[in-house]
Structure formats: structure tokens, C-alpha cells
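Thanks for sending this one over. Here are my notes, written as numbered points so that you can follow them beside the viewer.

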Amino acid sequence: MALDGCGLLCKYTLFIFNLIFALLGMIFLGLGLWLRFSGSTRVIFEIEALNSSAFVIAVTVLITLGSVMLIVVVFGDYGACSENRCALKTFSVLVNILGVAVVVCGVVAYSRKNEIGLRIGEFYTTMYALYVANRDPVLAVTLTFIQKLLHCCGATGMPLLDFAKETCPDPESIFEHIKMDTCPGVIVDIFNSKAPLVMGLLVGTGVLLIIALVCSMVLLKQTKKEQQQITAQYTTVY
């Protein structure tokens, strides 16, 4: 169907949005599945007493979030490529739900920042302990990414002595060769001192979802108009 300039802009915006969503969804789902079924972490899920631990909850969230994101991408890509109204409507509903959920999560994260910071710190500590015990390569990559992002070094904060020192970032000063911030402490501090920033990131994600929702609504409106024109022409001819 023919789209005007606004329709084409929205169509390509949805392509970019779905591409980013697909990459993030695959990363979340892949990491979650690995942490769930890897030989070094599977035992945690088999112990009933640990089913409510931060690690189990975080892995479940990763798998669920990754799966939902990929489902959204399927409907979004199919709807944008084929301009299928049913797929676009489903995509709009899913994005609307995700947008509201992200904003709610941002508010909850801000209001319960201390508890959430401790939970995420506990999740990191569990991954750290599992890596020290098993030297799992995927856990190594995950720890390296987190520690470079936060610029911290393991549970001890000592690059030369830490049990996972190979995953620590490069020191930025002479003093950091001896002592860096511990990662659990940095994680808790982020949620305590930078809670507005965390909430802002989540709310910003919600805004991006709303932009995708608006684009899908524009495509729905234009495809409906096109269908009405085709129906009118068909009625006139026959």
C-alpha cells in the first residue's frame, strides 16, 4: 500500500525500533537460558530453599523479558513490512502494556531503591561466587561487562588479589592498582544515590515505547484509509 512521508518515516522508525528490541531480547533470553541451564548454575534452581533468591528471580525476569521482547518484535516487523492491520494492532497493544510496565517499574525502583539495590547486589554476588567456583566462560563475560560498566573489581576491590581479578577493568590511576570499589557496594550505591537517574532511564525507555506506539497508530490510520479507498473504488466499478 502507498504511504505518505509521515507513514514511511513511521515505518522505518519501527524497523529500527524492532531491530534494537530484537538484539536486546536475544541477549536477555540467551543470558537467562544459559544461567538457567548451565551446569554450574542449574543446581541453584534444583534447591527449593533457593527458589526465592535474587539470582533465581533475576534469571526468571531475564528469560521472561527476553521472550516478551522477541514476541513484540515478531508482530512489529510483520506488521510494518506487510502493513497488516491485525499484526499492527497486536503490536500496539503489547507496546502499550510494556510502556506502562516500564514506567511503573521506574516508580517502584525509586520508591524501593534500598531493597532493589541489595537484591541486585545479591544477584551479582551469586554470579561472582559461581564464577570463582566453576570458571564458567559466560559468567566471565558477564562479570567483565558489569565490572567495566561500573568500574569496580569483584567482591574484594583489590585487583591484585581478587579471586576473579581477570574480569576486573584496567586501573585508571596508581592507587587503583591496589584498591578499587567493590561491585556489590557500587551497585547498592547507584540505587541509593542515583535512584532518580535509574528511574529516568526507565521512564525514558517508556517514552521510546510510546513513540513506537504512535508510529504503529499512524500506520494503522493510513492503512485503514487506503483500504477504504480501495473498497470505494471496487464499489464504484462493480
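Which residues form one aromatic cluster? That is taken up in point 2, after a word on the overall build.

1. Overall build. Please keep in mind that this is a predicted model. The protein has eight helices and zero strands, so its elements, read from the N terminus, run α-α-α-α-α-α-α-α. Of its 238 residues, 37% count as buried. Among the contacts with a separation of 6 or more, 70% are made by residues 24 or more positions apart.

2. The aromatic cluster. To answer the opening question, the cluster is formed by Phe17, Phe21 and Phe91. In the protein the count of aromatic pairs comes to four. One of them is phenylalanine 17 with phenylalanine 21: the ring centres are 4.8 Å apart and the planes lie at 25°, so this pair is stacked. The angle matters here because planes under 30 degrees apart count as stacked.

3. The cut-off behind both calls is under 20%.

4. A charge over a ring. Do have a look at arginine 36, which lies over the face of phenylalanine 37. The distance to the ring centre is 4.9 Å.

5. Helices α5 and α7. How do the axes of helix α5 (residues 113-134) and helix α7 (residues 183-193) cross? They come within 8 Å and cross at roughly 155°. Angles over 145 count as roughly antiparallel, and α5 and α7 are therefore roughly antiparallel to each other. The crossing in which α5 passes α7 is right-handed.

6. The contact between those helices. On the α5 side, the residues that meet α7 include Lys113, Ile116, Leu118, Ile120 and Tyr124. Two glycines, Gly117 and Gly121, also take part from α5. From α7, the partners include Cys183, Pro184, Ile187, Val188 and Phe191.

7. Serine 67. This residue lies in helix α3 (residues 54-82). With a relative accessible area of 29%, serine 67 is partly exposed. Serine 67 and glycine 30 are 37 residues apart in sequence, and their C-alpha atoms are 9.8 Å apart in space.

Methods. Residues are numbered from 1 along each chain as its sequence is written. This is a predicted model: local features need pLDDT of at least 70, side-chain atom pairs count only at pLDDT 80 or more; totals for chains, interfaces and linings use all residues. Side-chain values use heavy atoms; hydrogens and water are left out. Rings of Phe, Tyr and Trp (its six-membered ring) pair if their centres lie within 6.5 Å; planes under 30 degrees apart count as stacked, over 60 as edge-to-face and the rest as tilted. A charge sits over a ring if NZ of Lys or CZ of Arg is within 6 Å of the ring centre and within 35 degrees of the ring normal. Axes are lines fitted to C-alpha atoms, for helices over the stretch in contact, and angles run from 0 to 180 degrees between N-to-C directions. Helices (H or I, at least four residues) and strands (E, at least two) are DSSP runs, numbered from the N terminus. Angles under 35 degrees count as roughly parallel, over 145 as roughly antiparallel, 65 to 115 as roughly perpendicular and the rest as oblique. A crossing is left-handed if the near helix is turned anticlockwise from the far one by less than a right angle, and right-handed if clockwise. Contact means heavy atoms within 4.5 Å. Buried means under 20% relative accessible area, exposed over 50%, partly exposed in between (1.4 Å probe, protein chains only).
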